[in-house]
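This briefing goes through one structure topic by topic, with the sequence and the coordinates alongside.

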Amino acid sequence: MVPRLVNFVRTRQFAFRCVVIGVVLAMLFVWCFGQLASIQLLNGKSTAEAATAGRTLKVPVGARRGKILDANGAVLSQSVERYTIIGDPEAAQSFEPIDCTPQTQGNCHQIDGKPVGVKGAAAVGRMLAPVLGMSSMEIGAKLSVGGHYAVLKRNVEPNVKRAIEKLNLGDVVQGQLCQNRVYANGTMMGALLGGVDDSSAGVAGLEQLENGELAGKDGYKVYQQGNGGVEIPGTQSQSVQARDGSDVKLTIDADVDWYVKKVLVEGKQKYGADWAIAAVEDTRTHQIVALDDSDEIEAGSDQAKLNVSRAVSQTFEPGSIGKVFSMAGLMQTGLHQMSDKFQVPDRMDKNGQVFKDVLPHPVSNWTMAGILQESSNVGMVMASDKYTSAERYDYLTKFGIGQPTGLNLPGESQGTLHGPQSWDGRTRDTILFGQGYATNVLQLTNAIATVADDGVYQKPSIIKTVTDPDGHENAPAKTPGRRVIDHQANTQLLDAMESSAEHYQQFSGVDGYRVAAKSGTAEVSGGDGKLSSIISDWSGILPADNPRFVVTVVMSNPQGSLGGMTSGPLFKQIGEFLMQKYEVPNSAPRKGAIPVQW
């Protein structure tokens, strides 16, 4: 009897447990069914939207930055397709290579046909190392941190990115499209071209000046991504096309600038100068054909981004080249003609101030043209006795001295020219021969180009055209010129400058061509604050009988000092190159020169 009772109790307990389990399973089923119904029927739309949102990306589409071209269309600066290789550290750390078998072919991992041999970030490092040209340990270290984003390498070429794609690391490593700015000519125009930052925005030089035209406007696209960040076909829902930047063509001729750079670097070494700068301007268009210096800074480098081109920023006293502008004013105000006669000593005292010529000489019978040829400071002071302070200042400004050039180049200095009210008794006269104010090579070159252009001042230009992505070419509007001195006075001034150039014919002459020029030498303050530094310069028009170019060369502390014997020979080299390159016809013989002596 007892065993039957025990079996009965056990049976009832077992049945009870089954019922309980059944009830629990039934309740679980009801709950699951309810959740399924809720997801599918009640919240199905919002759940689907959340899933879609989770795999939907808004990806920027970068605009290609425009090119900077020289006057002939040669590329000076352009953006090329590059990639930044990005790794997902957490995905890398859980990475397990798939051995290559007939069944896994096309989705497996190996190195030189052999198994990877390790797991995690170390495995990814081993696979990427030969492709990226990095050590596996370096890559592994970059992937052994937290998070989902680690830059493995920047500026990777497209062929490297394609090689990475063949490694089947889509969930772990991806390539992000970017741009890399490349420059064609090393140190030529280095700081003048400037550079761009990591976002491809211009931060220095012409890259900064024309950033608005070059940059373009980024677009974007919205799509859903699958495994490995790959776009799911047919899921793109929105897009705005990127607008590429415009191409900017300069007035600078790269061939000429390359040669000018070469002459400056060699000239600096030959004469032991601290630096040398030069500018070449087309006198017919007032376009800058070359602008460079002896500094060897590569375009796009950190130096180029942090420094301003010396050819743009450097200011200096022009020395005796300033006599050209003073003589222009003397003639235009009717005080003198170039044929007027003077008896000029080598020194004079005026109101307690002593003025001397560079070299001692007896009292000499010179015309105004002779004063310019001999570069006599004393003669300038004598001839300017009735030339007022206001007129002295006025004609310097009319030639653009101390005034903005209109080029608006980053870091460009407009020099220093104080008004007459701030001049002391000596400065009032040193202004006549290029001391007491500072200019830059662009101002000085354009001022001499005014003489080459029959006395008409025209603002210089360095941008030739801007071509938008649709191929529409636009040239900057030209400002009207203004006459500074009349034709008769300018003709006399050009004649006197030609006599001045003949004074240095053996050093600075250009065979077969007449040159109108003026040299300058000025003592300026050195690092010790004393007049211990020398500026030697030369600015010339050639051919003098049919002006085509103005070339200005400036050197600091050259051995030899005098501008006609240091900067002048560099002018000669550049001038010969220009005449040959542009096939300029030889000059006609000079006739009827204004006498320099009487």
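Against which helices and strand do the buried residues of helix 16 pack? In this predicted model, those residues pack against helix 13 (323-332), helix 17 (427-430) and strand 22 (482-483). The protein chain as a whole has 598 residues, of which 47% are buried, and its secondary structure comes to 21 helices and 25 strands.

**Overall organisation**

- Among contacts in the protein chain that join residues at least 6 apart in sequence, 72% are between residues at least 24 apart.
- A search of the whole structure returns 2 cavities of 30 Å³ or more, and the structure also holds 7 aromatic pairs.

**Helix 16 and the residue after it**

- Helix 16 spans residues 389-398, and Ser389, Arg392, Tyr395, Leu396 and Thr397 are the residues buried in it.
- Residues three or four places apart on an α-helix point the same way, because such a helix has 3.6 residues a turn.
- Helix 16 is followed by Gly400, which has a positive phi near 90°, and Gly400 is also one of the residues that line the second largest cavity.

**The largest cavity**

- The largest cavity holds about 70 Å³ of space, and of the 13 residues lining it, Gly190, Ala191, Asp293, Asp295 and Ser309 are the closest to its centre.
- Helix 7 (190-193) and strand 12 (287-293) each supply at least two residues of this lining, with the largest share, 3 residues, coming from helix 7.
- Sorted by class, the lining of the largest cavity comprises 5 nonpolar, 3 polar and 5 charged residues.

**The second largest cavity**

- The second largest cavity holds about 30 Å³ of space, and its lining is made up of Phe399, Gly400, Gln403, Pro404, Thr405, Gln443, Asn446, Ala447 and Tyr457.
- Helix 18 (residues 441-452) gives the most to the lining of the second largest cavity, namely 3 residues.
- The lining of the second largest cavity has 4 nonpolar and 5 polar residues but no charged ones, whereas the lining of the largest cavity includes 5 charged residues.

**Thr439, a contact partner of a lining residue**

- Thr439 is found in strand 18 (residues 439-440), and it counts as buried because its relative accessibility is 0%.
- The side chain of Thr439 makes a polar contact of 2.7 Å with the side chain of Gln443, and Gln443 is among the residues that line the second largest cavity.
- When neighbours within four places in sequence are left aside, Thr439 is in contact with Gln314, Thr315, Phe316, Pro318, Ile401, Gly415 and Leu444.

**Val344 and its surroundings**

- Val344 lies in strand 14 (residues 341-344) and is buried, with a relative accessible area of 0%.
- The C-alpha atoms of Val344 and Ser364 are separated by 5.1 Å, although these residues are 20 residues apart along the chain.
- Not counting residues up to four places away in sequence, Val344 touches Asp357, His361, Pro362, Val363, Ser364, Trp366, Ile371, Ser376, Val378, Gly379 and Met382.

**Aromatic pairs**

- Among the 7 aromatic pairs of the structure, Trp258 and Tyr259 have ring centres 6.4 Å apart and planes at 50°, so the pair is tilted.
- Trp258 is partly exposed, with a relative accessible area of 48%, while Tyr259 counts as buried at 17% relative accessibility.
- The rings of Trp538 and Phe571 have their centres 5.7 Å apart and their planes at 50°, so this pair is tilted.
- Trp258, Tyr259 and Phe577 are linked into a cluster by ring pairs.

Methods. Residues numbered from 1 in each chain as written. Predicted model: local features only at pLDDT ≥ 70, side-chain atom pairs only at ≥ 80, totals over all residues. Heavy atoms only, no water. 1 Å grid on protein atoms, 1.4 Å probe; cavity = no way out; pocket = protein on both sides within 12 Å on 5 of 7 lines; lining within 4 Å. Points joined across faces, edges and corners; volume = space filled by probe spheres on them. Helix = DSSP H or I, 4+ residues; strand = E, 2+ residues; numbered from the N terminus. Nonpolar A, V, L, I, M, F, W, Y, C, P; charged D, E, K, R; others polar. Buried < 20%, exposed > 50% of the residue type's maximum accessible area, 1.4 Å probe, protein only. Polar contact = N/O pair within 3.5 Å; in protein donor to acceptor, adjacent residues only side chain to side chain. Contact = heavy atoms within 4.5 Å. Phe/Tyr/Trp six-rings, centres within 6.5 Å; stacked < 30°, edge-to-face > 60°.
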